Amino acid sequence: MTGTPDIVIIGSGMGGATLAAGLAETGARIVILERGRQIPDGAPSRDPRRIYADSAFRAPETWLDAKGQGFAPGNYYNVGGNSKFYGAVLIRYRAEDFAEMAHWDGVSPAWPVPYEDIAPFYDRAEALYRVRGDAASDATEPPHGTAYPHPPVPDEPAVAAVRARLEKAGVRPFSLPLGVDIDRWLAHGATGWDGYPDLRDGKMDAETCGLAAALRHPNVTLETGAEARRLVAGPGGRIARVEYRQDGEDRHLTPGSVALCAGAVQSAALLLRSEVANAADQVGRCFMNHNATALIAIDPRFRNDAVYQKTFGINDWYLSDGAGGKPLGNLQLLGRVTPEILKIQAPALPRAAASWISRHAIDLYAISEDLPDPESRVMLRNGQIQLCWRRSNMTAHRKLVARTKRAFRAAGFPAVLSRLFDGRVPSHQCGTLRMGDDPARSVVDPDCRAWDHPNLFVADAGVLPTSAAVNPALTVAALALRTAQTMRRELST
């Protein structure tokens with residue numbers, strides 16, 4: 001590492017790692033600053049109690065909610081970012097998500113770029129992350145330029161039986177596009193991957209794919225335990241200095257360009273702390289977080305002996321409610337909720353009851369779009385992150401949960417329990433540094449360049465103009481590759 005790299009990338013999650021992979025072949029001197037460190041090989045990666053109850057991997061930090069009350073946000077700071085724990089669902093936004101769309105409680109605005117502009121980068125992202133999928137199985141799937149690199153992860157017998165029951169009831173499950181080598185994953189332990197940390201055991205995450213590709217090039221350097229503290233603007237509005245803290249020392253770099261990829265909340269907080277990129281008072285606004293509900297469908301006659309479970313989703317109600325009404329959202333299987341996990345989530349539940357429910361149930365995850373609202377935002381309060389999330393579009397979410405319950409009852413599951421996810425815990429956080437074509441209402445332009453600073457780019461979920469109702473990881477990766485193309489053009493000149 002030198003003090004004057006060509007590019008500094010802040011964050012090694014899905015955006016930062018993919019951006020680095022897209023830039024590595026240029027020969028530019030690239031330094032990646034990651035505040036966390038690599039998860040060690042000996043970590044308790046398959047122990048649900050250590051992961052979910054003891055919070056062995058979560059950062060010991062506190063944010064404030066809208067009322068000023070502290071809470072633990074459940075974020076992870078590691079090499080690879082939150083993708084180390086993600087469910088590896090690498091699904092595209094639907095083509096319709098890039099256009100204006102009316103919802104039950106408002107309107108989702110159009111992106112400044114259409115799906116067709118992003119589609120080639122989706123193709124490249126699916127190749128980089130070695131996605132397993134079957135595009136033909138989902139009627140809402142947008143056009144692909146290339147086929148998925150690998151066939152879908154197979155249903156386990158119990159899951160296949162549920163799929164067949166749903167199809168008989170008139171529902172059309174599709175194979176989730178997944179970034180996981182199931183044979184490699186299971187060789188290291190008989191668990192699912194959803195929510196479990198990846199010790200480079202077969203999950204296609206930011207570290208094992210994007211970062212691994214970038215670090216094969218000697219011009220790319222990863223600095224761990226390096227927390228960016230401040231960006232300093234110089235003449236012409238260019239970011240002239242990146243200040244960070246590493247090993248107890250304050251350090252700095254003077255880069256040619258800076259790419260901010262610390263995640264929607266932390267990226268916004270860094271810009272607010274630095275007092276840059278905010279001439280229009282848009283930094284931190286329009287925070288979005290999917291409305292999400294966990295469901296458990298129970299049938300005493302059903303025997304669930306699945307290990308990983310998470311292989312299909314349902315988009316029957318994604319573009320409409322199925323009866324000509326407005327969109328509801330996406331439904332997908334959760335990773336297997338074992339008795340241990342169920343007990344952690346419901347401590348008062350007797351162990352025998354938890355075992356019985358787990359044995360006779362299938363676990364689901366319903367997500368609906370959260371609409372952008374300028375008053376839903378990330379702020380700093382005495383230097384501490386304050387997250388003021390205002391839920392939206394809950395009419396659609398309630399309808400989605402009700403529609404899901406009807407479908408599973410029709411498929412022979414007489415009891416379907418549900419619980420709305422805590423609104424204070426970010427899940428699929430996005431939107432705080434929105435991309436747009438109007439500098440008065442956005443933070444970055446359609447190339448993800450900050451309006452106020454010609455050498456500052458953002459390549460994480462903060463730039464997403466809308467949340468849609470599917471997992472954002474692949475869209476973040478595609479936009480990062482698109483941003484890399486813009487930065488490559490500038491490097492060549």
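1. Two strands count as paired if DSSP finds at least two bridges between them. With that in hand, take strand β15 (residues 330-333) and strand β16 in this predicted model: the two pair in the antiparallel sense over 4 bridges. Within that pairing, Q332 stands opposite Y365 of β16.

2. Staying with β16, which spans residues 361-368, have a look at its other partner listed here, β13. Strand β13 (residues 291-298) is joined to β16 by 8 bridges, and the two run antiparallel. If you want a residue pair to click on, A297 has I362 in β16 as its bridge partner.

3. Are the residues of β16 buried or exposed? The strand is mostly covered, with 8 of its 8 residues buried. A361, D363, Y365 and I367 point one way from the strand, while I362, L364, A366 and S368 point the other way, and both sets are buried. Y365, the residue opposite Q332, therefore counts as buried, meaning under 20% relative accessible area.

4. Now for a separate part of the fold: an open sheet of 5 strands, ordered β8-β2-β1-β12-β20, with parallel pairing. The edges are taken by β8 (220-224) and β20 (456-458); each has a single partner strand, so one side of each is left without a neighbour in the sheet. On average, and ignoring direction, neighbouring strands of this sheet are turned by 20 degrees against each other.

5. Inside that sheet, β1 and β2 make a handy example. Strand β1 (residues 7-10) runs parallel to strand β2 (residues 30-34), and 4 bridges join them. V8 has V31 in β2 as its bridge partner.

6. Helix α1 deserves a paragraph of its own. The buried residues are M14, G15, G16, A17, T18, L19, A20, A21, G22 and L23. What does the covering of α1 include? Among the elements over its buried residues are β1, β2 and β12 (257-260), together with the helices α3, α6 and α11.

7. The axes of α1 (residues 14-23) and α11 (residues 473-492) come within 8 Å and cross at roughly 40 degrees. That angle makes α1 oblique to α11. As for handedness, α1 passes α11 in a right-handed crossing.

8. Which residues of α1 and α11 meet? On the α1 side they are M14, G15, T18, L19, G22 and L23. On the α11 side they are A473, V476, A477, A480, L481, T483, A484, M487, R488 and L491. By class, this contact has 11 nonpolar, 4 polar and 1 charged residues.

9. Helix α6 (residues 206-215) is mostly covered as well, with 8 of its 10 residues buried. Those buried are A206, E207, T208, C209, G210, L211, A213 and A214. Their cover includes α1, β2, α3 and β8.

10. Last, a residue in α3. D117 lies in this helix, which covers residues 115-128. Its relative accessible area is 37%, so D117 is partly exposed. Where is D117 relative to H252? The two are 135 residues apart in sequence and 36 Å apart in space, C-alpha to C-alpha.

Conventions: Residues numbered from 1 in each chain as written. Predicted model: local features only at pLDDT ≥ 70, side-chain atom pairs only at ≥ 80, totals over all residues. Heavy atoms only, no water. Buried < 20%, exposed > 50% of the residue type's maximum accessible area, 1.4 Å probe, protein only. Axes fitted to C-alpha atoms, helices over the stretch in contact; angles between N-to-C directions. Parallel < 35°, antiparallel > 145°, perpendicular 65-115°, else oblique. Left-handed = near helix turned anticlockwise from the far one by under 90°. Contact = heavy atoms within 4.5 Å. Nonpolar A, V, L, I, M, F, W, Y, C, P; charged D, E, K, R; others polar.
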